[in-house]
Amino acid sequence: MLLGNALLIDKNTIFRNLRNDRMNFDQLYEEIINFIKADTNSSYKISVGTDSQVADKTVFVSCILVHRVGKGATGFLHKCEIQRPVRNLREKIYLETCASLQLAYLFDEEKIEYIRNLVDQGGASRGVDFEFHIDVGTRGETKGLINEMVGMVKGLDFIPKIKPDSYCASSFADRYTKAM
């Protein structure tokens, strides 16, 4: 969804899973819960991230990746387009980070706590980490934006990750900016 020149992700946003099923955030959250309930004895990493591709327009793909550490993953994505090329790097990374922020905010404290309790009840589990993947890194043009973007996400209950550890944005979302 687009509001002016800004992306808008909320609980009514339509996501797709990797089977191409369409769902809103509540349905997506239930899919995450069911995925975790299938194995509460594992550790999990839940990551959010956004990447974009610029041509005549700019395509943004925001993703949620639920990684059952060492045992597979499931993912969800949302595609949005801005009908102009976003060529300014700071604006592009800012829009990506803001889209991921909106996505992360959908995981309110109650949802995060429920997931943590589910995994903790598994007994031998090592818990769940919530990660915020930003498409910036210490190499290349984005290195000057690291402090600014990481600072934006510090207040969330998510762990900020940058390249090469920000695979949700730099690999998973990147793959679908070209494929959708």
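Modeller: Welcome! A residue is buried when its relative accessible area is under 20%, exposed when over 50%, and partly exposed in between (1.4 Å probe, protein chains only). By that cut-off, 49% of the 180 residues of the protein chain count as buried. This is a predicted model, where local features need pLDDT of at least 70, side-chain atom pairs count only at pLDDT 80 or more, and totals for chains, interfaces and linings use all residues. Residues are numbered from 1 along each chain as its sequence is written, and side-chain values use heavy atoms, leaving out hydrogens and water.

Colleague: How many helices and strands does the protein chain have?

Modeller: There are 5 helices and 9 strands. Both are DSSP runs numbered from the N terminus: helices are H or I with at least four residues, strands E with at least two.

Colleague: What makes the protein chain as compact as a globular protein of that length?

Modeller: The globule rule is 2.2 Å times the number of residues to the power 0.38, and the radius of gyration is taken over C-alpha atoms. For 180 residues the rule gives 16 Å and the radius of gyration is 16 Å, so the chain is as compact as a globular protein of that length.

Colleague: Which strands form the open sheet, and in what order?

Modeller: The order is β4-β3-β7-β6-β5-β8-β9, with mixed pairing. β4 (22-23) and β9 (159-163) stand at the edges because each has a single partner strand.

Colleague: Why do β8 and β9 count as paired?

Modeller: Pairing takes at least two DSSP bridges between two strands. Strand β8 (residues 128-137) has 4 bridges to β9, and the two run parallel.
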